[in-house]
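Please examine the sequence and the structure shown below. The report that follows describes selected parts of them.

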Amino acid sequence: METQSLTAKNIHVHYGEKEAIKGVSLDFAPREVTALIGPSGCGKSTFLRSLNRMNDTIDNARVTGEIWIDGENINEPGVDVVLLRQKIGMVWQRPNPFHKSIYENIAFGPRYHGIKNKKQLDHIVEDCLRKAALWDETKDRLHNSALALSGGQQQRLCIARSIAVKPKVILMDEPASALDPVSTAKVEELISELKQDYTIVIVTHNMHQAARVSDKTAFFYMGKVVEYDRTEKIFTNPSEKATDDYISGRFG
Amino acid sequence: MERPAVKDNHMEQQGNRARKVVKPHVVEEWVGKVYTAICILVLVVTIGAIVYFVSSRGLTTFIKDGVSLSGLLGGLKWDPEADIPLYGALPFIFGSFSTSLLAALIAAPLGVCAAVFMTQIMPGIGKRILQPVIELLAGIPSVVFGFVGLSVIVPALRSIFPGQGIGIAAGAIVLSLMILPTITTIATDALAGLSAGLKEGSYALGATRWQTIYRIVIPTTLPALLTGVVLGMSRAFGEALAVQMVIGNSPHIPHSLFESASTLTSVITLDMGNTVMGSAHNNALWSLALILLAMTFVFVFVVRFLERRKNR
Amino acid sequence: MSAKTADRIATGVIYAVSALIVVILAGLLGYIIFRGIGHISWHFLTSAPQTIKAGGGIGPQLFNSLFLLVLTLIITIPLGLGAGIYMSEYAKAGRLTDTIRLIVEVLSSFPSIVIGLFGLLVIVNLFGLGFSLFSGALALTVFNLPLMVRITEQALRGVPREQKEASLALGLSRWKTITSVMLPIATPAIVTGTILAAGRVFGEAAALLFTAGMSSPRLDFTNWNPLDERSPLNPFRPAETLAVHIWKINSEGLAPDASQIAAGASAVLIIMVLVFNFGARWFGRYLHRKFTATK
């Protein structure tokens with residue numbers, strides 16, 4: 001596939017008077033993992049939240065620029081954000097399963113999007129849980145509360161939940177930073193699996209993680225992208241001094 | 001893989017259908033917005049209607065019955081059924097102000113002490129005992145306060161002071177119990193919100209707890225404490241039945257706190273049912289209701305003013 | 001006087017005042033319950049009041065209070081939820097929202113007697129509903145609505161942001177997100193608040209004097225046809241509630257045992273309010289456990 005799956009052009013984000021993102025343009029290639037790294041407060045999460053218009057929910061946030069997916073600029077007033085968000089899934093830093101059963105967490109989205117058939121839903125639930133490597137652990141207690149799962153399991157459930165509505169892109173905001181090392185490893189493994197089917201954008205402050213899971217890496221600093229390249233290049237031979245300083249830990 | 005294919009297919013069908021008809025989720029959003037907006041509209045229309053209807057009735061006294069505003073507000077004699085009817089509402093206005101002011105004077109120190117106890121001295125016991133007590137007190141219906149006032153407070157006052165026991169003092173005591181929860185709750189919130197650093201600074205200078213409380217804690221939270229007192233007064237001013245039951249209901253300014261008196265609410269409560277709608281007497285009662293309404297606005301704006309000072 | 005002595009005296013005063021408040025409440029509750037409890041019997045709770053003879057009960061009044069509460073909640077809850085959702089989810093920061101907030105605040109501080117008068121003028125006379133349970137329920141709705149709005153708004157604001165975003169990110173509409181994800185989480189807080197508000201409604205009298213009326217027709221408790229005049233279920237009949245009854249017998253009761261009846265009725269009212277209070281806490285905790293159950 002030649003076309004870019006997701007393209008951001010000249011994105012600016014303002015919170016009230018403050019400019020948090022100062023003109024960022026990035027292409028995200030299909031079936032690749034792109035990592036956004038940078039010191040905290042550099043705007044990487046803010047940028048990520050612009051990609052599925054999640055900043056709409058913040059009262060004084062204003063996003064300008066173009067975001068193209070499927071030949072459509074989604075950062076326009078008339079765009080149906082509900083349809084758009086079906087195409088772009090999201091996973092948060094802290095696992096946030098719904099206060100419902102494991103089964104319901106997965107079935108909730110597809111059912112809303114028109115799949116009422118119980119058999120079909122059962123299949124989707126099983127399929128998504130298998131993809132998230134959670135099926136064996138949960139198949140006997142699908143109707144128990146999702147809140148009874150461990151943090152790592154909850155996070156994988158959230159990933160399973162997001163793929164249940166068949167998105168094209170999955171945005172992940174530091175998906176492993178609240179997890180223990182074992183769970184982190186599982187989530188990272190899952191990300192590598194998922195990139196066969198999805199375009200993944202992941203924000204992380206853990207540079208080893210970025211190096212392990214991503215194909216491309218963008219280094220954010222002060223609301224701008226300093227450098228964007230293949231991950232090997234960024235981590236072995238960065239072009240910018242600031243990038244080098246950051247990845248080698250000589251930085252705030 | 002077959003299963004996702006089925007699903008894809010379904011999604012596509014949905015997509016096709018969606019292009020032709022209005023998408024269900026758009027309808028749903030619209031329903032939600034319209035429904036909640038109607039609810040808000042009901043609220044706004046209701047308050048508009050209250051202000052409009054009470055004002056239009058209350059102003060009739062001045063427009064149709066030829067009573068002057070100063071005559072109503074300043075007149076000392078209320079005798080609407082006399083040959084030459086008199087509509088002096090000053091005794092009621094005096095009654096309402098004196099009972100609610102006195103009630104606030106009694107309840108404010110008690111409420112602030114309780115708040116200090118709950119936040120500065122023993123938060124544990126405060127949370128476990130005093131707070132539920134305050135919440136229960138807030139839940140007691142006003143007629144029950146009136147009943148207790150009539151069967152305990154009035155006889156007690158009668159045995160200690162000259163007179164019948166009924167009057168402004170009895171009303172103020174009953175009201176003070178009723179507004180104590182309001183004052184305490186707001187004072188507690190204000191004191192609990194105080195930064196610890198402020199107090200520690202004072203302790204570090206060698207001040208005792210009491211010095212810290214009255215030099216630092218109380219002055220810093222004063223606007224918030226006053227907010228509570230004003231809200232309490234507002235509630236006392238509008239309270240009808242509990243006061244009516246213990247105040248005696250004579251339409252004149254009493255010479256002592258232990259002599260029968262009236263308030264705006266008590267005279268409305270007693271007379272509204274006994275007058276014919278549209279009569280001058282009835283209209284005059286609506287004018288009293290209008291005064292109550294106007295005072296509500298005054299109290300709300302004073303509270304807003306204090307809150308703005310608090311936030312600064 | 002040294003600072004230390006002043007500190008000791010002040011602390012003592014604060015302790016004393018706090019103890020005094022506890023004693024006052026205990027005395028108040030104790031007095032009402034102990035004075036009234038002797039008069040409470042099955043007969044008292046179920047039989048009709050007597051005007052001039054002794055031995056009257058509070059049966060119809062108790063029924064009226066409960067029925068009126070149910071009617072009020074049926075009207076208030078949908079309105080309060082809708083308005084609360086609007087304030088928490090749809091209102092954008094700005095002039096309009098500030099104005100609406102001010103209006104809710106003003107409405108919540110209107111004296112209940114003024115709301116009763118408004119009910120008399122508009123609901124009873126203008127709408128022609130007369131002194132009736134329905135008029136009373138509408139007046140109590142006006143009285144209760146601002147509180148319901150605040151309860152709903154605060155409960156929804158207490159829902160973690162990530163829950164709302166998770167639902168939106170799945171491509172759910174805002175409305176579906178509110179009703180299927182946020183409201184279930186907010187339910188324990190809303191239910192607790194509603195029950196507490198119900199206790200307030202149950203004891204309210206001033207707003208009812210001129211709307212639900214101060215008399216109750218002879219009720220036939222075997223007739224459950226809501227359209228029949230003598231049926232207890234008819235919402236268009238006048239209905240004196242328990243709280244109004246207490247006020248009335250205290251100010252104009254003619255029965256020789258008026259003061260015992262007042263005491264008994266007050267005790268019943270207080271016990272009901274306590275039930276609402278403790279019920280709200282217990283039920284809220286129960287729902288909270290159930291909704292966030294780990295098993």
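B:Trp30 is located in helix α2 (residues 24-63) of chain B; helices (H or I, at least four residues) and strands (E, at least two) are DSSP runs, numbered from the N terminus. This is a predicted model, in which local features need pLDDT of at least 70, side-chain atom pairs count only at pLDDT 80 or more, and totals for chains, interfaces and linings use all residues. Residues are numbered from 1 along each chain as its sequence is written, chains are lettered from A and ligands numbered from 1 in the order in which they are written, and side-chain values use heavy atoms, with hydrogens and water left out.

B:Trp78, by contrast, belongs to strand β1 (residues 78-79) of chain B. Contacts of B:Trp78 (heavy atoms within 4.5 Å), not counting residues up to four places away in sequence, include B:Phe92, B:Pro251 and B:His281.

The table lists relative accessibility; buried means under 20% relative accessible area, exposed over 50%, and partly exposed in between (1.4 Å probe, protein chains only).

| Residue | Relative accessibility | Class |
|---|---|---|
| B:Trp30 | 58% | exposed |
| B:Trp78 | 7% | buried |
| A:Cys158 | 1% | buried |
| B:Cys39 | 2% | buried |

How many disulfides does the structure hold over all chains? There are zero, a disulfide being a pair of cysteine sulfur atoms within 2.5 Å. A:Cys158 is in no disulfide, and the nearest cysteine sulfur, that of A:Cys128, is 13 Å away.
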